[in-house]
Amino acid sequence: MKLKPLADDYDVEFWARQIRICAWVAVGITLLAAMRMAVAWEPGMRWWAVPMGFAALVQAAATRLPWSRIVRLRHAREALLTWFLAELVVIFGFEIVDNTGRIRYIPAVMLVVTAAAALYPPRWVIGVGVVALAGFFALVPTQSGVDVSFTAGMAAMLACVVGLCALTAASRSRLDERRRAAERRVELLLENSSDALLAIDPAGRLRYVSPSARTLFGHDQPWSTDGNLGALVHPDDLVLSREWLTALAATPVGRTSRIEARLRCADEAWLYADIIGTNRLQDPDLGALVLSIRDIGARRSLEEELTRQAFRDSLTGLANRALFRDRLEHAAARARRGGEHVTLLLIDLDNFKMVNDTLGHSAGDELLVTVAERLRTQVRPSDTLARLGGDEFALLVEGVAEREAVDLAERILDTVRAPVPLAGRDIVCTMSVGVATADPGDGPADTDELLRNADLAMYASKRNGRDRYAVFDPAMYADVLREARVRSELERAVAEEQFFVLYQPIVDMPSGRPTGVEALVRWRHPTDGVLGPDTFIPYAEESGLIVPLGRWVLQQACDQLARWRRDLPAARQMHVSVNLSARQFQNPHLVDEVAEAVTRSGIEPSGLVLEITETTLLHDSEAVLEALNGLRRLGVRVAVDDFGSGYSSLGYLRRFPVDILKIDRSFVQGDQAGTESATLTEAVIGIGRALRLQTVAEGVETSAQWTTLRELGCDLGQGFYFARPSEAEAIGRLLAGDLPSVALVDAG
């Protein structure tokens with residue numbers, strides 16, 4: 001019969017301990033026999049006490065053997081049964097010689113059977129008991145004066161002991177099976193758990209590792225070879241982990257604590273683990289610190305991704321507004337403690353909307369990514385570069401004086417200015433940069449104030465022509481206040497109609513006869529007097545007030561032309577020109593508003609000329625084209641104002657429905673025979689003639705300019721030489737022949 005393999009270390013330890021107990025039992029029996037031989041045996045037989053004592057010493061020495069390893073050997077436990085049987089044989093032999101054998105035989109074999117019952121299954125115990133009973137019955141005939149009743153009683157007692165030992169062995173086997181089953185259930189549960197359980201002492205030595213550690217870490221090592229938790233912990237987390245274990249061991253029993261650390265896996269990868277520790281050092285059944293280890297790598301990756309999304313710009317990968325604001329506040333705090341400079345650069349792309357409108361938003365995104373990469377090359381690892389939104393970037397630098405910040409701004413402008421290939425063409429991108437520095441000598445840095453200062457400087461660079469930087473100056477506050485005041489007053493002026501319109505004649509170049517007028521708006525300011533358009537039109541365009549103001553000017557001009565045509569025969573064929581800004585073309589109701597103004601005044605649509613600049617053609621060209629086509633269908637004519645001063649392109653002139661070219665005054669005023677301006681003016685007139693467009697020369701101030709333009713073939717002219725912008729009544733008297741044109745003065 002073969003014994004079941006030992007289930008675990010507990011079984012091994014039990015066998016080793018019981019074998020040592022049995023050995024000591026055997027030593028005791030042997031020593032008693034030796035004493036009997038030495039005292040009660042005949043002198044000639046007493047020498048047997050010596051080998052018997054030697055046997056006792058041998059059995060005592062056997063208790064020192066490594067039984068924990070021996071019992072693991074194949075068939076070692078089965079072979080040990082011969083030891084128990086040999087003990088029975090020795091006892092039987094001793095009692096054969098001794099004349100009182102029956103009395104000592106029974107208790108001696110009872111000890112042997114009881115010892116066997118602690119190790120072997122019931123059938124093996126019964127087998128040992130049968131051998132013991134057989135020996136007892138073999139002894140009976142050898143003894144004199146046999147008492148049948150006594151012998152039967154002793155045999156019955158031995159049989160009862162054997163039966164009880166067999167029952168005890170059976171009960172022990174059942175209890176062992178239940179224990180093993182319970183342990184197997186626990187092991188299976190632990191093996192399929194997502195957490196690994198460890199029991200360690202305060203020094204970090206492992207006492208127990210759950211089977212789920214294999215799944216979590218990919219192997220059993222270094223659990224069994226090293227036996228120390230420190231071998232698994234990342235070097236950067238080792239000191240903190242040891243301090244945590246020490247603190248956990250000092251807490252009350254049952255108290256828990258948590259830490260996150262990186263642990264080594266089988267493939268040398270690092271596992272981000274959440275470790276929950278419980279102090280069970282004082283628990284007599286455990287006596288260790290219990291650690292529950294859970295893999296939080298997926299959660300940590302998700303947290304990092306959410307953090308990246310929360311604090312990083314998705315397009316460029318730069319810091320976003322939230323992260324930049326946090327870094328700025330920390331930099332200001334450090335500046336307050338250490339007295340270092342904090343410098344902020346606000347960077348805004350020039351004319352970025354034009355790229356989106358002409359090349360598409362994907363090209364605009366590609367441009368932003370390219371600009372971000374170029375900006376990265378100019379910053380230090382300690383600097384913070386962020387995209388605040390749209391085409392606006394920000395750069396935070398610490399420990400840099402204003403002069404160094406200016407040098408950095410110049411490098412940024414040079415780097416970004418290089419052409420960028422987009423949609424099959426090279427785009428030159430420029431930027432406006434505002435620089436603001438918080439000087440420790442001026443007191444603690446305030447983040448809101450620093451942002452405001454940099455923003456003011458950035459807008460100052462835009463007002464000064466773009467593609468440049470501006471350093472914050474306190475005087476910029478005055479400009480901001482002035483702008484705010486002008487915008488506020490503009491709102492009131494539009495509501496109260498504080499504006500009026502002047503008209504400047506447009507004459508036929510060969511005859512000098514007026515053929516039309518241009519409507520020019522002025523502001524009759526309550527305190528500052530009459531203001532020209534340069535003082536308020538830029539603010540009106542930025543605030544959007546140019547739309548209602550332009551609508552009002554358009555209606556005034558149309559109504560005035562209708563009155564002139566009704567009252568003056570010379571005005572029957574005249575037209576009126578009205579300027580439109582790019583902001584007005586963003587108004588989706590522009591065509592409807594023009595139609596309403598023409599209808600209300602009663603003039604023919606051909607009597608109205610709307611003047612636009614070249615840059616308007618480039619701004620949101622599809623929307624502009626749609627609006628111009630609508631105006632063409634309405635019958636209104638369109639003139640390109642200041643032609644030649646901007647981004648002149650024959651392609652735009654051929655694509656857009658344009659009727660008139662107005663030559664920029666800079667060409668006309670330098671227009672002398674043989675000069676470069678004369679050549680350019682002649683070229684523009686030639687373009688107009690080739691495209692069948694009417695040409696108008698602006699800024700004619702001398703007789704020589706008039707003569708030259710007539711010789712070049714210019715159709716119409718406009719300027720102080722013919723007439724200055726004047727009130728409608730003065731223009732009416734001029735058309736009626738009551739005033740010479742030189743008598744008209746600028747009422748504004």
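Biologist: In this predicted model, which residues make the nonpolar surface patch of about 470 Å²?

Modeller: That patch, of about 470 Å², is made by M45, W47, W48, I96 and V97, and V97 is found in helix α4, which covers residues 76-97.

Biologist: Why is V97 called partly exposed rather than buried or exposed?

Modeller: The relative accessible area of V97 is 47%; because buried means under 20% and exposed means over 50%, a value of 47% puts V97 in between, and V97 is therefore partly exposed.

Biologist: How do you know that the length of helix α9 agrees with its 15 residues?

Modeller: At 1.5 Å a residue, helix α9 (residues 235-249) should span 21 Å, and its end C-alpha atoms are 22 Å apart, which agrees.

Biologist: Which residues of α9 are buried, and what do they pack against?

Modeller: The buried residues of α9 are D237, L238, S241, W244, L245 and L248, and they pack against the strands β1 (195-200), β3 (256-264), β4 (270-280) and β5 (288-295).

Biologist: What makes Y503 and L608 stand out in the largest nonpolar core?

Modeller: Y503 and L608 are the residues with the most contacts inside that core, which has 74 residues; its largest share, 11 residues, comes from helix α18 (residues 546-567). Leaving aside residues up to four places away in sequence, L608 touches L554, C558, V576, V578, V594, V598, V636 and R637. Apart from this core lies another, of 42 residues, including L80, L88, A155 and C165.

How values were computed:
Residues are numbered from 1 along each chain as its sequence is written. This is a predicted model: local features need pLDDT of at least 70, side-chain atom pairs count only at pLDDT 80 or more; totals for chains, interfaces and linings use all residues. Side-chain values use heavy atoms; hydrogens and water are left out. A nonpolar core is a set of buried Ala, Val, Leu, Ile, Met, Phe, Trp, Tyr and Cys residues joined through side-chain atoms within 4.5 Å. Buried means under 20% relative accessible area, exposed over 50%, partly exposed in between (1.4 Å probe, protein chains only). Helices (H or I, at least four residues) and strands (E, at least two) are DSSP runs, numbered from the N terminus. Contact means heavy atoms within 4.5 Å. Patches are made of residues with over 30% relative accessible area and no salt bridge: like charges are joined within 9 Å, nonpolar side chains (Val, Leu, Ile, Met, Phe, Trp, Tyr) within 5 Å. Accessible areas come from the Shrake-Rupley method with a 1.4 Å probe; for residues, only the protein chains shown count as cover. A salt bridge is a side-chain nitrogen of Lys or Arg within 4 Å of a carboxyl oxygen of Asp or Glu. The expected span of a helix is 1.5 Å times one less than its number of residues.
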